[in-house]
Each structure stands twice: as C-alpha cells, then as structure tokens.
Amino acid sequence: MKARAFSYVCPATVAEALDAFAAAGSEASFIAGGQSLVPALALRLQAPECLVDIGRIAELRGISQDGEWLRLGALTRHVEVHDHPLIAACAPLLALAAPFVAHPAIRNRGTLGGSIALADPASEFPAMMLAVAAEMEIAGPAGRRRVPATDFFQDLYQTAIEPGELLVAIHIPVARPGHRCAFDEFARRRGDYAIVGCGVMLALPADVVNEARIAFLSVGSTPLRARAAEAALNGRPLDAAAIRDAQAALASDLDPADDEQVPAAMRLHLARVLLGRLLGKIAAAA
Amino acid sequence: MSPEIRLSTTPAHARHGSSIGQPLTRRDGALKVTGGARYAADNHPEGMVHAVLATSSIARGRVTFLDLDAAKAHPGVLAVMTPANRPPLAEDPDAKLHPFMFRLDLLQNDLVRYAGQPIAVVIAETLEAATEGAALLAPRYETLPARVGLDGDTPFIPAAVGIGNPAEVRIGDVEAGLAGAATRIEAVYETPAQYHNAMEPHAIVAAWDGDALSIDTPSQALAMAQGRIAGLFGIAPDNIHIRSPFLGGGFGSKGFITGPQALGILAARMVGRPVKLVLRREQMYGPVGHRAPTRQRLRLGVGRDGTLTALGHHAKTTSSTYDDFFEPAADVAHTLYASPAIATSHEAVRIDTGTPLFMRAPGEATGSIALESAIDETAWACGMDPLAFRLKNYAEVEPISGKPFSSKALRECYAQGAERFGWSRRPFAPRQMRDEDGLLVGWGMGTATFPALMFQAEARAVLKRDGTGVMESGTHDMGQGAWTAFAQIAADALGLDMARTEFRAGTSDLPDAGIAGGSAHTATAGMAIHHAGAAVIARLADLATGDARSPLFGAGNAGVVARDGRLFRRGDESRSESYGDILARAGLGEIDARGTSAADPDAQASYAMHAHGAVFAEVKVDPDLGQIRATRLVGAFAAGRVINSRLVRSQYYGGMIWGVSFALHEQAVADPRSGRILNANLGEYHIPVNADVPALEALIVEEHDPHVNALGIKGVGEIGVTGTAGAVANAVWHATGRRCRRFPIRLDDLLTGR
Amino acid sequence: MDLSISLTVNGVRRDVALDNPRVTLLDLLRERLDLTGTKKGCDRGQCGACTILLDGRRINSCLALAISHDGADILTIEGLAQGEELHPVQAAFIAHDGFQCGFCTPGQIMSAVGLIREGQAGDDPERVREAMSGNLCRCGAYAGITEAVLEAQKTLADAGRRDAA
C-alpha cells in the first residue's frame, strides 16, 4: 500500500474543474459543501489522491427562472432551497422537503448538487427530483447533456454521472397553479435519516388527478418513483377510493428489504400510511 | 503546576445566612460559556505530538500482520507502538488485585478479545499524519467465531454482581408465595447494551520528565487513577500529577483509567515527548466500558387484598471473557416493595466484548424498567390503579433486610407528583385517550430509587489572616456542579461567605476526594469538607478562647459559633472577634486542618439508606405509524438535604432524559456474526435530541435525614433514570394497550400483529 | 500546491500555512490556532459540539476543510463576549443552567446565536427545540437550553440588536 499523496485544486470554471479532474485520473473527487465527503474522508471510506474543490465556480451558483424552467446551480445550498422565494413559488415541493434535510448547520453548507450526485436513497432531495421531474445538467469532457431524473438514479449511490463528469445544474419545470404537492417523512428521532419519506406532486385540474408523481426515499437502493400508485390516481377524482387504491398499489411499486430499523413489511405499511396522509391532505386542501 | 481556574466569585443571589441551600448559578458558568473551561484535549504543551489508536475490526482471534513499513514511511509518523516494541510496564495489565481494578488492553500480546480493542498506536507530528499512519497499518487477522449476545455462550452464576453483591439473595419462600397467590404475573424483559457516550471522548495529554509524569485527563476518581498509573508504570503516586478540572461528562466511563489513557502515557514514554491521545467517537464502543444487556424474568404473586405474596427477579447478563463486571439488575427488587418473599438471582455469559462497567444507575436502571413494568402489569391484572397498588405494597421497612429507612419521603413524592401531573384523571383502562390530532395518549408511572452511599474522602481547610479561607479537596466536576456545591459547603464549613472562600479541586495533588460515582460525591466529599472546616474552626477557637486578650476568652469550644468571618460567643453575640484578628494576635499567617469522611458503620448497620422518587409520564403514539413521543414528565424526588436546588433540578432532568432514552431510544447493536457494534456513532446510536425531550418538571420533596450523614445529603445524580424508564414504558402500554417488554420500544413492536 | 490560507477569526486576520489539505476547520482552530473552546465530539457532523459561525451562519466545523475556506470570516465561542460582558446567549445559558458538563456548550451557544440570526424560530419553544436538535447534550440540559435560547432571543429583540448579534 502506498501513502496517499493528497492534493487539492480549486478551479474557477467548470472547464478548469474538468481538466483538473482529468489530470488527476480516476483517483480524484469533486468536493462542494463537503457535508458527506469530509466525514467519508475522515473515516477513510474514500481516499482520493486529488480533491477538486468546485466551491468557487461562479457558474454553479444561483437560482433563476427561465420561462417554464427553474435553474438551480449545483452549489445551491440546502438553506437556499429552504428560504428562496423562487423555490417557494416555482418548486414548492422542494421547500416543503428542505426542513427535513439533516439539521440547520448542515443545511447551511450542504449543496443540492452534492446531495443529488451522491444519490443517497435515504436523502430527501434526490427522491424529490423524481417527483418534480427534474433534469440534471452534466458537464463532461465531451460536452454537456441533460438527464431526466428517472434515468439519473441507477443503483445504490450510482447515477448517470460518469467519472470525470460534473453535475452543474438542476432544471425543474415550473409548477403551475393547478399543481398540488405535499411532503412528509417519518424518523425515529428528530432530524435523523427517515425510515420512510414521501413527496407527492400532482395536477388537479377540474378535480381530476393527472400527472401524479409520487417519490419515496428510504425504501430501496435508489430514490423510487411509485408508478403503480400514480396510475391508480391519474384520471380519477382524488377521493377516498382513489387514495386507497394508490396505497394498495404500493405493493407492486416498493420492495423494501429488512433492515436494522424495521422489517420490510413494516416499511411498506409505513409508506402506505404516509402516502394516504399526504393525498388526504391535498384532497382536503383542494 | 495546576491550571488557574478563574471561577466566578460573586454569587448570583444574595446570601441569607447559609450558602448551603442557595440556588446559585454555576461558579464555572462563565468559563463554560466562553470556551475558557479547559478540558483534557484542550491542552497543548510545548513539543506535543499526537497518538492515534489502531483498533481491531474483529472480536476474537489474533493479529497476524500490521503494515509497519507503510505506516512508518508516512511523512510525520514518529513511531508505531505494537506488542513487539511497547515500553515495559511494572504491572501486568491483566493483573486484578482488587475488585476495583479492571484489566486493560495495553498491547500485552497479539490476542484480540473484542472488536475495537487497541492493537497498535501510531505517534506522529500531526493528528492528520497519525490518523493516516493508523489507517496504513491495514491489519490482518486470524479470526475465531465471535460469541455475541445474551445467548452467546453457556450461562453461569457469577461469584458476585456489581461490586461484591451476592448473585443470589432470598427471604421467605417465593415458590410458596406464588403458589398461594390469587393473581400471578410472569414476564420477561430485555434491555440492550448501552454505551456511556459522554460528549467528551476519553482524552489524555501525557508528558514525562524523568520518572515524573504530568497528565491532563478526565477522571471521576483522581486518587484511584493516580494509584493505578503508579502501579502500571512502577513509579510513586506522588510523582504523578493529574489535572482534571472539568470532565465533559463521565457517567461511569471515566471512573477508572482506561486502556487508551494508559496507552497515551506509554506513547509519551516511547517518543520522549508530550503526547495527546483522543479517542475517536467510534473508538468509545469497546475499551471504555458499557452497560451490559440483560434479560430479566419477573414473577409476582398477589393476594386477594392486593398485597404482594412473592417477588422473584432473575437477571441474565453478559460480561467479557477476560474480566468480571456483572450488571446487578435484580437487586433493585430488594428495597422497593414490601413482600414476605423476595428472591433475586443473576446469571451471566461471557462474550467477546469489552468489559462492561458502571453506567449511570448501574443495576438500578436496568432492573427498574423491568420491575416497574412488572408492577404495572400486576396492578392491571389485579384491577388496581398503579399508584394505589404501589401504595398498597409500600415498604415501611427495607423488605430484604427488615431495617428501618433512615428517611423515606416516598409517600410525599407519590402525592406531590400525582397531584402535579393530574394522575387522578387517568382512565384505568388503556387506549382510552386521544389528543386533538388523533394520537393515542397514555399515562404511566414508576417508582425511583437509588441507594444513599458514602465512600471515603479527605479535605484540607485553611483560614488566613486576611479573613479569607481556602478549602482543598480533589473533587471532580463532570457536570453535577462540584465547583459550586462544594464551595457552598466549604463556605458554611468555614463560616465565611462565598466571596471569601477559595475552593480548590480537580487535581491529584489535593486531598483525595474519593470517587465521583454512586451518586455519593456530594455526600462524601461534602462531609470531608464539613469536617475539615469544623477542625480548622476548632483550632481557631482554641487560639481565641485560650487567650485572655480575646473577647472570647474562656468561652470554650462549645460556646463559640463561626459566622461571617467571626467567632461569636454563643448566647452573647456582643462578644465576637474576627478570624483575622485572632490569627494576627497569635502571630499566625494562616492555620489549617484536615477532615475526613466515611460511612458511619453503626448507622449502616441500623438503617437502610435510599433516595426515592415517583415519576409520572405522558406519551403520545401515532396509531398508524407507531411513532412514540414522550410529551410530559413529572418527577418528584426526595433525596435528603438539597445543597443547590438549581443544580439538583438539572441532575434530575438529566436522569429523566436518560430514562426516556432507555425506554425509547438508545441501544447498541452488535453484528451477530462479527461481534462488531454496527451503530458505533452518534448518528445511529440514538441519544435524545432536544426535540425528543418532553416538557419536564422535577419537584424537590423535602426530606430530613438525621442518619445518613451530618449534612443529611443523599445522592441525586442517578435516581432520575430509575422510575422514569418504567414510567414511559407503562405510558406506552396505557396509550396503546400493547405491553412492550423489549427495550428500547420500537415502532414495529407497536405495529406488528395489526 | 499552495496551501496557505487567510481567515478572519473573531475579528483577527490569521494567515495559516497548512501542511495538509485534510485539515478541518475544527482541527485548525483547536490544534494550530489554540482556540480550543470549539469542541470535537464526533468529527463527523453528528453531534454539533464543533458549531461555529462561518460568514454569519452556523456550521459544523468538523465538516469543513480549512483549505476550502480561504478568506472566510469565522466566529467562535471565544469571540462572542465583548470583553468581560457576556453575550446575551451566554448569560442566558448561565441563568437557565443550560449546561452541566459544559462540553457541548460552545456548540450549543454558537448554534443558538446562528438560530437567532436566522430569525425563523420565533417564540415557539417547539421550533427552538427542533432548530437546536443538531446539537447533542448527553447530560440532558435541553430544558435549560431551550429556555435560554428563548430568553436570549427576547433580550436581543428587545434591545434591537438582532443584527449586531
């Protein structure tokens, strides 16, 4: 085993960042807010030879609206998602989920891009990308591309980002007036990773559901979209029967594993309770 | 040299007569809120280097390889200490000369006997280099199957539990009592392994100067630490100077010098420079003790009139393969409830774990949650209100010994707590109450108890010609408020106000203050201080009453009262003289005297001595999610004389939060295959966060105890855990109708079988 | 590789040459700048004992690489009081006995100062508890902590000093 020669670069542009990463080879890591990477380094879970600090790249900052799309730079901090008026107006589901992300001190440093690139299945924002139909803008040596959230999360901590590529922004379709959303999660202790969490986004024009998108966290190896439950809602009024059907449909959507916290069957039960409450809340408000 | 501790000298409240009893704010408060309180790891002597432990990832076997070359080659690494090159010790770390001596892992061989055992120490110029060096060791092992959990090996009956308590105790005939009972309850409860997790990780800064050793390390027992280190290193105790002015929490885990602390001293010897060694959080789940898991079987018999006919309490626990500590969980049944027949017994298995140890209310906490649950189950089975059932079986004398209590205001605790909580409005049957959000609401109660112990301590008192006084006793402040409470006792003992009393503590060169443990520190060191003060006042009185020039001449000792820096002739307040004048006339700059304290064997033979309390809990349970929140706790405690109610209330709150944690949160999970603790971090080992803590009330119930010691002090540090854990568990039952007997209560315990 | 950074710590500019990019802000403060008031309880963002203010916001200093924070403005527990005059949060912690062992206290206090600046908890104890839940206290001083935060917040608001906090 050789001693790690751990180097550090702090590029000013995306292009420089990609070059720096390429120069370091496969043993490099990008670092943004560092809220997950720094403890991983301390625990020797990761031992990159080079850290490419993207924290000072201006292009990665900022929240802006461009017509039908909201653009969030990858360096958008959790606290900005929590506080920013554009988020509240255009992507209210993210604002609802933000208070559940860890604790305030973490939210002050952690970045949206970092959270999504890490793709922890127990994190709030990756799952909510599915619910808001986000597209991830990825820059790489070969240029830029946009990947829909449904194609982005591939396996445990595996995303569409290839080594050497960088997530630069998140694009979210602006919520329209008829859209309704709700978020909740359930944890054993306040501020902990959820045992189950769920975000719902749906359109309710003329009292009939369409475009339902339901995303779960902490129910599998990736953030999960509950398509059968969505199908059970689409085209129907949001009434008790539809809600019951959506809850029932989760059996085919979710296949959680047993773990230390709860047995699989219990997790499915909790997911159903959570979904039922969220849909009930939307129905009551509508 | 001892550190200068700049304590606040002005009390926040005006003194009316005695300092004892004043709810003063903490004298170390300003230091603690400004970052000025110096904890062990905050020290940085000139030339200091860093040591980092490499610990075993297996629980049983042998280390076969360490990549020493890689570690040594890392820039900044100075040395790697292994069994092959560890400096010699004067005493075998596996020697056990008395029950208070615990075996240590000090690289004596290549054997691994628990996961997380230190297997090497890397010493480097920087913390980062030492950490990297330890990672580069990449150990390889010969691994044997780990023995894990309460069924990990063949059980046996330990020779003793706790420290020297018999493993089996009985009065009367439990089997006959059960056979003749109208109602019988038998239930099995399980409690998990728990880790102290003081916020301050164990840390040491050690510096050698020849055979003299200077140490900054947190210790709940400075003189014992000094003695232990002296034995290990073959040097005189006086050559060891330990500073421990502030502990960042102890809870029992800093009662004895642990292996990692001794390894820090060895590392300093090895490199000939001052060394700092601080445990990483995950390294606190092995070599620094824990509360062992238990499985407890309770058997209760009750006659038609609701009185107990039999109480059987059996506890199974675990200990390490290489040392003895057995959680005395069943002993709590000795004192709380009257029964003509009581039998307590213990058995244990040896598993591949670090040795368990005292942890806040050792035995009482584990035993209490089982006993209080069983009492609740029994009351329900008898159709009786849980409080009425407890009153029906109130112990007027200590059941196991037949001795009268030195004092026992438990009835008042029940009454005041119940009144404050509103217990009389509790529906008898479970699952009857809901809140406005549809959550199930339940109310439960538990009885709290903890013995009033006394150890041995010494103090030295000084009176100075300038009218000030000094009190010295090497007491330990781990959060209970030693800097404040002992200064209050010292001021009264010297007949001075707080501003003119200097209290010195927290270093090993001061008189031995015994142990900050067993909730006995205030009583023990407080009595030594009390006696030292009385002794120095007696010397002063001799000077005055024997001197014809003094207005007190001829008064005799019994005829003099010390107050506000003066001696007064009893019965004639017009005749008095200041301390300074007495000393000045005698040509003395200062006088001193020592005082000691110990339990009074006569009183112990005649009386059972315990603190008591009653805890009432409200929980709310989400009926669909199984989510439990403790929402309201009222505790009422009687623990003799209160030195400072502000500090005492905080101790009760802390204990009650530990009780909530015991019932609902904390648990170490060992991998059944590897024996590793799977949740060895503060993210997954759940201790309550602020939002988990309910509205708390702690009522201080007046109690005068003329026997326990002259100051009438019992202990307050641990009792809050007891009673509370059971009260919460019983409230969960009352909310849901579901009796959970495995702790902490999990949401799936409430949801399964729906 | 240039590993020198410059920070403003408690109002004082500090130029630091790092020998290793792994150095966290916490270790920098404690081991190299002799500011040991900030505590290390877990070194992985799970306990909050290392909370400081970075550019006015509370963060866990154990999760911040020093090298990433060139030019940053840092406030630690040592920089909170004005000479002998305690900050209202510090005074309230003493008055409400919001600590026992004191080890988590610097982090609790810095977190409380950050919370008050965020200005979102109002006078609702439940929201204060929630917002202080990233700071563990094993002694169990939470009741006093919550009371202290509420009182200090009121003191600061009354004095119209929120921005000066």
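A residue is called buried if 20 or more other C-beta atoms lie within 10 Å of its own, exposed if 12 or fewer do, and partly exposed in between, with the C-beta atoms placed from the backbone. Helices (H or I, at least four residues) and strands (E, at least two) are DSSP runs, numbered from the N terminus. The structure is a predicted model, in which local features need pLDDT of at least 70 and side-chain atom pairs count only at pLDDT 80 or more, whereas totals for chains, interfaces and linings use all residues. Residues are numbered from 1 along each chain as its sequence is written, and chains are lettered from A and ligands numbered from 1 in the order in which they are written.

**A covered strand in chain B**

Strand 25 of chain B (residues 610-621) is mostly covered, with 12 of its 12 residues buried. In a regular strand the side chains alternate between the two faces of the sheet. On one side of strand 25 of chain B, the buried residues are B:His610, B:His612, B:Ala614, B:Phe616, B:Glu618 and B:Lys620.

Two strands are said to pair if DSSP finds at least two bridges between them. The table lists several such pairs.

| Strand | Partner strand | Sense | Bridges |
|---|---|---|---|
| Strand 17 of chain B (residues 440-451) | Strand 25 of chain B | antiparallel | 12 bridges |
| Strand 25 of chain B | Strand 26 of chain B (residues 628-638) | antiparallel | 10 bridges |
| Strand 18 of chain B (residues 457-464) | Strand 19 of chain B (residues 469-472) | antiparallel | 4 bridges |
| Strand 3 of chain C (residues 51-54) | Strand 5 of chain C (residues 73-75) | antiparallel | 2 bridges |

Individual partners can be located in the model. B:His610 in strand 25 of chain B is the bridge partner of B:Pro451, and B:Ala614 stands opposite B:Ala636 in strand 26 of chain B. Strand 25 and strand 26 of chain B form a hairpin with 6 residues between them. In the turn of this hairpin, B:Gly626 has a positive phi of about 70 degrees.

**An open sheet in chain B**

Chain B also contains an open sheet of 4 strands in the order 20-19-18-24, with mixed pairing. Its edge strands are strand 20 (501-504) and strand 24 (590-597) of chain B, each of which pairs on one side only. Neighbouring strands of this sheet are turned by 15 degrees against each other on average, direction ignored. Within the sheet, B:Ala461 has B:Met471 in strand 19 of chain B as its bridge partner.

Angles here run from 0 to 180 degrees between N-to-C directions, and axes are lines fitted to C-alpha atoms, for helices over the stretch in contact. Two residues are in contact if their C-beta atoms, placed from the backbone, lie within 7 Å. Helix 10 of chain B (residues 482-494) lies across strand 18, strand 19 and strand 20 of chain B, and runs at about 130 degrees to strand 20 of chain B. Helix 11 of chain B (residues 521-545) lies across strand 18, strand 19 and strand 24 of chain B, running at about 145 degrees to strand 24 of chain B.

**An open sheet in chain C**

In chain C, 5 strands form an open sheet in the order 2-1-5-3-4, and the pairing is mixed. Strand 2 (12-17) and strand 4 (57-60) of chain C stand at the edges with a single partner strand each, so one side of each is left without a neighbour in the sheet. The twist averages 40 degrees from one strand to the next. C:Leu53 stands opposite C:Leu75 in strand 5 of chain C. Helix 3 of chain C packs on the sheet and touches strand 3 and strand 4 of chain C; its direction makes about 35 degrees with that of strand 3 of chain C.

**Where chain C meets its neighbours**

In the contact between chain C and chain B, 50 residues of chain C meet 43 residues of chain B. Helix 5 of chain C gives the most to the side of chain C that touches chain B, with 5 residues. The contact of chain C with chain A takes 25 residues from chain C and 21 residues from chain A. Strand 4 of chain C gives the most to the side of chain C that touches chain A, with 4 residues.
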